[in-house]
Structures are given as structure tokens and as C-alpha cells.
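Me: I would like to go through this structure slowly and hear the grounds for each label as it comes up.

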Amino acid sequence: MNGENISFWEKLGKIDRRWIFLIIGLVVFIPIAFGLRMTVHVSPAVKSAYDTINSLPEGSVVMISIDYDAASMPELQPMLKAILRHCFDKNLKVVLINFWPLGLPIGNQGLEEVAREYGKVYGVDYMNLGYRPGDIAVMLRMGTEIRSVFYGDIKGTPLDSLPMMKNIHNYDDIAVVVGLEAGSMGDAWVQYVNARFKQDLILGVTAVMAAGVYPYLQAGQIKGLIGGLKGAAEYEKLVNHPAFGHIGMASQSWAHVTIILFIILGNIGYFMERRRKRGL
Amino acid sequence: MIEALSIWVAAGLTLAIMSFLYGDNPVYKFAEHLYVGYSAGYWLIYTWHFTIKLMVIQPIAEKQPGALWLVIPLFFGALMLTRWFPRIAWMSRWSIAFTVGIGAGLTLTGAVHGYIIPQVKATILPLWTGNGLTSFNNFVIVVGVITTLIYFFFSKPHTGVLGKTSKVGILFIMVAFGASFGYTVMARISLLIGRLDFLWSSILKLVHFF
Amino acid sequence: MLKKQIPLAITFITGVIIVVTFFIPHPPFGRLQQDALTWYSVIFGFTMLLGVDSLVKFHYTKLRRREKGWWFSIVFYCGFLLSFITGVISEIRFGDAFNINSSFMYFYNTILVPLQSTMFALLAFFIASASYRAFRARNIDATFLLVTAVIVMLGRVPVGYMLWHKLPDLTSWILNVLQLGPMRGIMIGISLGTVAMSLRLILGIERTYLS
């Protein structure tokens, strides 16, 4: 009897991983296909980010940095859209900038899509600086004069010909910078722009990085933190526009429960096997 | 029609990559090589548009003040490409040395001014504030930072008081890694949600088309 | 001299300029820093081309020698030429290859976005498999890791609130207090190491970048 149980655990431990892939695939897919939704509760870190933008007077400039590409798009693009909706709701001016070459079109498409929704005009209500190589060098040079590194916008149109850019020269004219981060540019924004120019920052990061950004929040180096798809869902709730973040929450929840069950099952099998070997 | 074709191709390529889950196969390899090839071409166009055209050619063509000096970094950038020719590849060292020097200088100042000093400042917390919970939280943060730093001090063997403190440190580190792992699972699942949502909405769009 | 001493001197001079201008932002040092950073941006842009060159050469060699799987190198070149040619056409037609209506952007959305996204989405399957097969509470350290991971995984999704309404608060406490200390400690350690490495590079002690 004991030998049959242990044999069962051993078999279970060596199960073909493709069954695990199938289970996870189904657990994620079914809530999407059936349109299941769950209630999202807002965390203090995301509320803090929201309040920072919400407290800005009309006409303030928000710079959004697109520092991600298609690999992190499911987490960060919903954040971008929620923040843009918030900015356009409050008639804030939006300046987009990009430090990840492969992500420039994604950010641009998100910006144009939401701007169209709100009937905003390019050059008056929003604009896109595009990308220039040099990362930290670009950030530092913008502290003196944006035109020293971005003579023109993403298409090459001179900044001085864009009405909204007339009075925007450096970080003194920007109310808050929102960094949407999939890599190390978030650290650069904090260590160079916040440290040297005392620029207010909000970071929206992938969930992989979120745990490591809390020290910045506690130290007051950033004003708010939006972490992962859940963070995006929270921000969508705050701006009353549930979108992809909300769509993903049911799948996210049940996938987490499934993985926890996998961990528990795997450990039960491990301990049963260990007990059997010690008994021998 | 063009949009329908785009959906078919995108969904097909998505499934091609996912076929790797069953096992490595030629369909996956096809998609993988297409991705690498397309990315390489993208980098070329990107470099031309944002580095050469907008940063060098346009300022010189529009006679911006000091634009002619950009010929010098353009020359150094071209020197970088001498790596392609073994006989004169040593010339690329000058360009690399320039970027390494600037990078090292920036990192040095950024790390100290932007991270170490503010973070150490934020760790100097009152261990008694009058509020029990806040005091406890501050104590936990301070102990966490100190014991973690002690754990990574390998110049002395971890015995005695140092050993016990570093044991506490490793427990704190495990908590941090656990939080990171939990968040990492969340991130990976989110990416999968994105793709499966795309596949489902593609199916719905194509059904609508036909 | 040309191959070793001059590059080391360039590294030293540029590194010192950046450090000095951090402390003295006034003219002429401020202007010097701005110019150095401008030059850095332009030169940095060319480094992207080196990676492209390595790839192109690698696949060319594979094709020429008919090595195993050489036909996939043809696929590589097809993707490369598709991207390059549509980029050039879009650049000429629109003056900007990144115009939303360009063929370059059409193929970017059709080919690059799904491929790149799906590559990373596969990781979800592997992390699930690893959770089942590899993550074991072998000792007290691993147990701390797994328990924290489980709490964070549940607390950061809506189902956690459904299980216990205080779970999100507990998760918040773990993230804002318990794990903050070690995260900060690790990052301070990394920053100190970065500072040491930067000094070694500027002073010419570390020379591996010259090879």
C-alpha cells in the first residue's frame, strides 16, 4: 500500500511538463474567453501616483518616458493609456519621450490612439520628442535645454514651431516625469534627473522590477509607483476607465492560485519521497 | 483586407513561437530567425533616422550654432566601425575609450549622488516615534538593511556575532527574493494574458470579417 | 602608444571631465560637459551598428559553409531585407520611416510585435513548470522564500482580497517594510561595486574594454 502511494508521488513528480503548460494555458485563456471580471482594490503606492497627477493645475506639462518594447507591452501599455486618459481628462499637456528604440512605435501608437479619443491636437495638447541615443547623456542635457538634444520632434519638426513647446525648455517647465520602465532607465531617471534637478517622478514598472523600486518610494525619490498589470488595473479604476488591466485580473488571479497549487503539490511529493527514502 | 492579412500573419507567428512548448521544431526556428533578421534591419533604420539624420545631418543642414563641431563625434562614430577591418580595428578603441570614460564618470557620480546617499539617508530612521507600529516598521527596515550589508561582507569569516547577524541577514534576503519571485510570476503571467487576449480577439475579428 | 596609451588617456580625461563638471557646473565646465555628452550621444548611436554587423556576418558564414540549419539563415536575410527595404521606402516616401501609415510600421506591427511579445510570454509556461518541479522548501531559508512568494502572489491579485480582506494590507507591509531593507542593502552593495568599477576604469586599472 505504502509502495503504491510513493510510486504515485514519484510519477506525479516526473509528469511531462507539457501537461503543466496546457493547464496554465487553459487557466489563463478561459477567463478571457468568457469575459470574467474581478473587483480591483487600489494600493497606496498607485493612489499616490494618481494623486500626484491629479493635483496638477490645468496646462501643466507631464513628460512620459516610454522605456519598454513589445516584450513588456501587456503590462506597461495599459498603464500608458490610463495615465494619458487621466492627463487629457485634466487638460494637462503631454510630452512623450523614448529611450528604448524598439518601443518607440508602440508608445507613439498608444499616444495617438488616446489623443484621438479626446480630440486632442498634436503640437498644442501633446507631442512626441522621439528618441536620441545616449540615455543618461540625453537626460542630463535636457536639464539645461531640451532643444540642445531634441532640435525637432519625432518627425524632425522644429520644437519652436509647436505651440505647446514655446515655454518648455527644461525640467523646470515640466511638472512631473512618468517613467514607464522595463529596464534600468527608471534608475537613471531617479539617480540623475531626480537627484540633480529635483524633478518629481512617478515610475510605472513591470512586476519583475516592482519589488526593487519600493526603496525609492520610501526614500521619497519617487512620488508614486505603479507595478505590473495589477497596478495598471488599479490606475484604470481610479480614472474610471476599466480596460485591458481589468480584463487580465481574473486570468491573473486564477493563474496565481494554480501556480501556488503546483508549488504545494510539488512540495508534498518532495516530502513524501524524502520520507520514503529516509524510511529505507 | 490588409488588416485581415496582418491579423493572420501576426496570429500565425504567435502560434509558431508557441509551438516551441511542444518541442523545438522548424516552424519555431523559422519564426525565431525571422524575428532576429527583422530586428537587425530595424536597428539600421533606427540608427540612420535618429542618430545620423536627426542628430547630425539636420543640425548641420539647418546651420544650427555649433553644428559643424558634430563632424568630430561623427568621425569617432565612424572609427567605431573600423572593428570590421582587422588591420585597423585598433582605431575603434579610441571611440570605445571615449564612451567608457563618459559612462564611468556618469555612473560614479550617479551611483553616489543618486543612490547611495539618498538611500542611506532614508535608512536613518527614528527607532521610537511614539507610534508603536511606525517604530516597529522603522526598526525592521534598519535591521534589514544592516544585516543584509553584513551578510555580503566576506572579508571576515561569518562566525560569532558576525555569523549570527549574517544569518538574520540571509532570512531577510530570502523574504526579498520571495517577494521578487511572487512579482516575477505575476509579470510572466501578464505577458501570457496579453498574447492569449490578442489571439482571442484576432479570432473574433476574423470571424467578424468572414 | 596609439593602441594602448591614447585610449587609456581618453578614458581618464573624459571620466575626470564628467566628475569635475558635476561639482563645477559653471562656465566653462558646464559647456564642456554639455559638449562631451553631445559627442557621447552621437558616438553611442554607432554602437548599435556593430551588433547588426556581427549577426549579418554570422549568418553569411553559415550560408557560405552550408552548416547545419543554413536554410534558416535565408529566413534571417529575408526578415532583414524586408525590414531594411520597407524602412528605406518609408523614409523616402514619408520623410519618416516611423510614420504610422508607413509600410515599415505595418510590418513592425505584423511581424516584430507578435514575435517579440510571444517570445517573452513563453516564460509564463516555464515558470509554472519550474514552480511544480523545482521550487522546494528544502530548508528554513527556502521556506521563508516560498511563504513570502505565496503571500505576495495572492495579495497582489483580487482573489487575495476574496480569501482574506487583510491579505492585501499584509502584502503591502511585506513590500514596504519587510523586503525593503534587504532590497536596499543589496542595491547599496551593487552601487558600491559600481563605484569601484567606475574608478578602476577611469584610472586605467581595468582594461578589458580595450581587447
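Reply: Helices (H or I, at least four residues) and strands (E, at least two) are DSSP runs, numbered from the N terminus. Just after one such run, H2(C), Arg66(C) takes a positive phi of about 50 degrees. This is a predicted model, in which local features need pLDDT of at least 70, side-chain atom pairs count only at pLDDT 80 or more, and totals for chains, interfaces and linings use all residues. Residues are numbered from 1 along each chain as its sequence is written, while chains are lettered from A and ligands numbered from 1 in the order in which they are written.

Me: What makes the end-to-end distance of H2(C) agree with its number of residues?
Reply: The expected span of a helix is 1.5 Å times one less than its number of residues. The 36 residues of H2(C) should therefore span 52 Å, and the end C-alpha atoms of H2(C) are 53 Å apart, which agrees.

Me: Why is Val161(B) called exposed?
Reply: A residue is buried if 20 or more other C-beta atoms lie within 10 Å of its own, exposed if 12 or fewer, and partly exposed in between, with C-beta atoms placed from the backbone. Val161(B) has 8 other C-beta atoms within 10 Å, so Val161(B) is exposed. Val161(B) is found in helix H6 of chain B, and its C-alpha atom is separated by 54 Å from that of Asp197(B), 36 residues apart along the chain.

Me: How confident is the predictor in chain B?
Reply: On pLDDT, the predictor's confidence in each residue, from 0 to 100, chain B averages 91, and 100% of its residues score at least 70.

Me: Which residues have the most contacts inside the largest nonpolar core?
Reply: A nonpolar core is a set of buried Ala, Val, Leu, Ile, Met, Phe, Trp, Tyr and Cys residues joined through C-beta atoms within 7 Å. The largest one has 198 residues, and Val62(A) and Ile64(A) have the most contacts inside it. Helix H6 (residues 160-209) of chain B gives the most to this core, with 17 residues. The core also draws at least three residues from each of domain 1 (44-242) and domain 2 (253-280) of chain A, bounds that come from an automatic or database domain assignment. The centres of these two domains of chain A, taken over C-alpha atoms, are 43 Å apart.

Me: What does Ile64(A) touch, not counting residues up to four places away in sequence?
Reply: Two residues are in contact if their C-beta atoms, placed from the backbone, lie within 7 Å. With sequence neighbours up to four places away left out, Ile64(A) touches Leu80(A), Ile83(A), Val94(A), Leu96(A), Val178(A) and Leu180(A). In chain A, residues 24 or more positions apart account for 74% of the contacts with a separation of 6 or more.
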